[in-house]
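Open the model in your viewer and keep the sequence panel beside it. The stops below say what to select and what is there.

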Amino acid sequence: MPLTLNNQNLHQLPAHIKVPEYNRETLKPGIVHVGVGGFHRSHEAFYTDNYMSETGDTQWGICGVGLREGDRKLKQCLEQQDYLYSLLIKHPDGQSDVQVIGCLTDFLIGPDNPAAVIETMAASDTKIVSLTITEGGYNFNPATGEFDFSNPDVKHDIAHPESPRLVFGYLAAALKLRRDRNQKPFTVQSCDNIQHNGHVTQKMLTSYISAFDEELADWVSTNVCFPNAMVDRITPATTPAVIDELQECGIDDAWPVTCEPFHQWVIEDSFSTGRPGWERCGAQLVDDVTPYETMKIRLLNAGHTVLGISGSLHGYSTIDETVSDPLFARFLRMFMDTEATPVLQPVPGIDLSAYKDTLLTRFSNPNIKDHLSRICSESSSKFATFLVPTIKENLASGGSVHCAAFIVAAWCRYSYSGKDQHGNPLEIIDVQASKLKQFATLSKDEPLIFLRQKEIFGELAEYPAFAKLYAGFLSQLNNDASVAAIIQAIATSSQA
Ligand code: CS2
């Protein structure tokens, strides 16, 4: 019989399961984390848990915060498990490791009690407020890089600072309390896939605060640390199969997390009030994270988007399935070698060719069933962050943009048809889905309409070379040319 995961059963679990080695009763919430999805649980929480097991330093418990109604189910699952959960780490050879993570101490739902969230962030135990709010959560206009004040939630938050909807409202209110109480501020640490994620967070937060309190904005700019970081661990969505697998391992866990063995965290060491010694568990502390984050976003994340959009249209459903097709693997490698790499800076200590080989191995892990619907989710934010900068730099330097132009055209087709090329429905998850569909549908007659969405593509439609390539691929897709045939032609022509 599997044992229900909770404090009482923690030390009765089968011996091969790694459990926290620190005393959970002494945990203090040194970190408040907003956005407790699978990625936070496989990454920051994993590093923090390992750090506390190694050192017994229990001042780095994590209080989770969810700002959306959809977070309630996870809160309930975790609450009934004393905030314990299991991580199922799946190796390519079929072996798995199971680790129970114990560093979560609580889970607050913002809308239920905004004051409690603000007070928890402001509490003197809190040294770090970390964020995994996805690319879209930063509320910037990708074309201008400026905070988007037209968002109705921003207007709401400025009018109702005591009950915000967005993370910036919470951070502003909590930092104000810290300042008014003459306390040092907490560090604000982004864990999202955005270049210069710390700087972006700082810029968005101070722009937001400047709209109603210049003095506080100045205090935040001068006193709060926003370390940039590169984060990496492939973490597919949890499926019922993961729950079943854990039961076979002897654990009854209502919402476990599964992930690959690989993990990387490269962090700039700039923290206002201390941090866990994450470097003791594999994190790299560096002076400048820029080359690492650019490499990861433009190769791994963009590579995912390339496979996700082309694979979905072709009818594949997971990353490993897509990349195990030699044609798609070749197309991905071609994108990485001929478009992404030429505009990357050298990365200290990293051989880019070996890095790309590792990515292909990671993507092919047959036990990580990473669904293309997750990869393609919120593409309206991902394209701007993962792919467009590479395209722009290649257009400026005369580099190749064939693969990227095809992926943009394929995304247009994906957005209007909502079906793969065999007519099977695609699960499209995007806050902008209806707008994308509208522009993509109009693009059947006027192809550039989709590309003229400036908040995603900036000025790309104004580059005739790019616009022509994109329109050509879109026309082929609209005439039902197969994705496989088009990428085969792109790969062949590049060899000519
Ligand atoms: C993925 C990422 O969402 C995406 O598009 O590329 O979630 C990716 O799996 C992680 O960044 C890996 O670290």
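How many bridges join strand β3 to β6? Select residues 61-66, which are β3: five bridges join this strand to β6, and the two run parallel. Before going on, note that this is a predicted model, in which local features need pLDDT of at least 70 and side-chain atom pairs count only at pLDDT 80 or more, while totals for chains, interfaces and linings use all residues. Residues are numbered from 1 along each chain as its sequence is written. Helices (H or I, at least four residues) and strands (E, at least two) are DSSP runs, numbered from the N terminus. Two strands pair if DSSP finds at least two bridges between them.

Contact here means that the C-beta atoms of two residues, placed from the backbone, lie within 7 Å.

Now show the whole sheet: it is open, has five strands in the order β6-β3-β2-β7-β10, and its pairing is parallel. At the edges are β6 (104-109) and β10 (187-190), each of which pairs on one side only. On average, neighbouring strands of this sheet are turned by 20° against each other, direction ignored.

Next, select helix α4, residues 114-122. Its buried residues are P114, V117, I118, T120, M121 and A122. A residue is buried if 20 or more other C-beta atoms lie within 10 Å of its own, exposed if 12 or fewer, and partly exposed in between, with C-beta atoms placed from the backbone. Which elements do the buried residues of α4 pack against? They pack against β2 (29-34), β3, β6, β7 (128-131) and α6 (167-180).

**The three-stranded sheet**

Move to a second open sheet, whose three strands come in the order β5-β4-β13 with mixed pairing. Its edge strands, each pairing on one side only, are β5 (96-101) and β13 (257-259). Neighbouring strands of this sheet are turned by 20° against each other on average, direction ignored. Select residues 85-90 for β4, which pairs with β5 in the antiparallel sense over six bridges. Within that pair, K90 stands opposite S96 in β5.

**Strand β11 and its partner**

Select residues 229-232, strand β11. A229 and V231 point one way, M230 and D232 point the other way, and all are buried. In a regular strand the side chains alternate between the two faces of the sheet. Strand β14, residues 264-268, pairs with β11 in the antiparallel sense over four bridges. M230 stands opposite V266 in β14.

**H402**

From M230, jump to H402: the two are 172 residues apart in sequence and 28 Å apart in space, C-alpha to C-alpha. H402 is found in helix α16, residues 402-417. Is H402 buried or exposed? H402 is buried, because 21 other C-beta atoms lie within 10 Å. Not counting residues up to four places away in sequence, H402 touches L469 and I490.

**Annotated spans**

Colour residues 30-279, where an unreviewed UniProt entry places the feature "domain: Mannitol dehydrogenase N-terminal". This span is 36% helix and 22% strand, and its end C-alpha atoms lie 17 Å apart. For residues 288-468, UniProt lists "domain: Mannitol dehydrogenase C-terminal", also from an unreviewed entry. There the chain is 66% helix and 0% strand, with end C-alpha atoms 38 Å apart. UniProt annotations may be inferred rather than shown by experiment.

**The whole chain**

Zoom out. The chain has 21 helices and 15 strands. Its C-alpha atoms fill a box of roughly 65 × 60 × 40 Å along the principal axes. Of its 496 residues, 48% count as buried. The average pLDDT, the predictor's confidence in each residue from 0 to 100, is 96 for the chain, and 100% of the residues score at least 70.

How values were computed:
Axes fitted to C-alpha atoms, helices over the stretch in contact; angles between N-to-C directions.
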